[in-house]
Amino acid sequence: MARRDLLVRLAATKDRRAISACDPSVARELNRRELIDSAIAARQCWVVERGGAVAGYGVLTTNFFARDFVALLFVAEAHRRNGVGNAILETVEQARRGDRLFTSTSESNLAMRALLTSRHYEPSGTILNLDPADAELVFVKFLR
Ligand SMILES: CC(C)(COP(=O)(O)OP(=O)(O)OC[C@H]1O[C@@H](n2cnc3c(N)ncnc32)[C@H](O)[C@@H]1OP(=O)(O)O)[C@@H](O)C(=O)NCCC(=O)NCCS
């Protein structure tokens, strides 16, 4: 269950600036901005408000072998370990269309791996050669 001080809601165009303030790579990476913009338009981007401020966001896509895939999940540093990432995943799991939800993260990302383990995601393969120094681990959660 999401914590009571957190409000998860669909992102709107007006949230673009707040999303960018959470995640510094949004300003640097055009690809990420385009992905967020198209997810907002498709109602596949969620933000979490904590104390009235946007604390994190997540994006669901279906362009991973035509399967539901959490393409982006980011919590502002100051809001981490307060259940924000957990709340986003819980919402995305409810919003997905199919019977399983995929995501991926780099092997070195222990925080994301711990979050996925805590929500009962299972390993679903490894992609080499994206970052030669850090394998990409794929995870899946089967849902009804
Ligand atoms: C990974 C990330 C999304 C986690 O978000 P978060 O809001 O801090 O996670 P939560 O507070 O919901 O954590 C839920 C549980 O996950 C686990 N967890 C989360 N971060 C952890 C960490 N740094 N170390 C160990 N366990 C961790 C814990 O079990 C935690 O429960 P607890 O706090 O009661 O012990 C966040 O660290 C982040 O945005 N990182 C940068 C972007 C990123 O790596 N995105 C992942 C996609 S590549």
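A residue is termed buried if 20 or more other C-beta atoms lie within 10 Å of its own, exposed if 12 or fewer do, and partly exposed in between, with C-beta atoms placed from the backbone. The model is predicted, so local features need pLDDT of at least 70 and side-chain atom pairs count only at pLDDT 80 or more, while totals for chains, interfaces and linings use all residues. Residue numbers start from 1 along each chain as its sequence is written.

**View 1. Span of helix α3 (residues 30-41).** Helices (H or I, at least four residues) and strands (E, at least two) are DSSP runs, numbered from the N terminus. The 12 residues of α3, at 1.5 Å a residue, should span 16 Å, and the 17 Å between its end C-alpha atoms agrees with this. The expected span is 1.5 Å times one less than the number of residues.

View 2. I36, A39 and I40 are the buried residues of α3. Seen down the helix axis, they fall within an arc of 100 degrees and so line one face of α3; the arc is that of the directions from the axis to the C-beta atoms. On the other side, L30, N31, E34 and A41 are exposed. Just after α3, R43 takes a positive phi of about 60 degrees.

**View 3. The hairpin of strands β6 (residues 122-131) and β7 (residues 134-142).** The hairpin formed by β6 and β7 has 2 residues between the strands. Their pairing is antiparallel, over 5 bridges; strands pair if DSSP finds at least two bridges between them. P123 stands opposite F139 in β7. β6 is hardly covered, with 0 buried residues among its 10.
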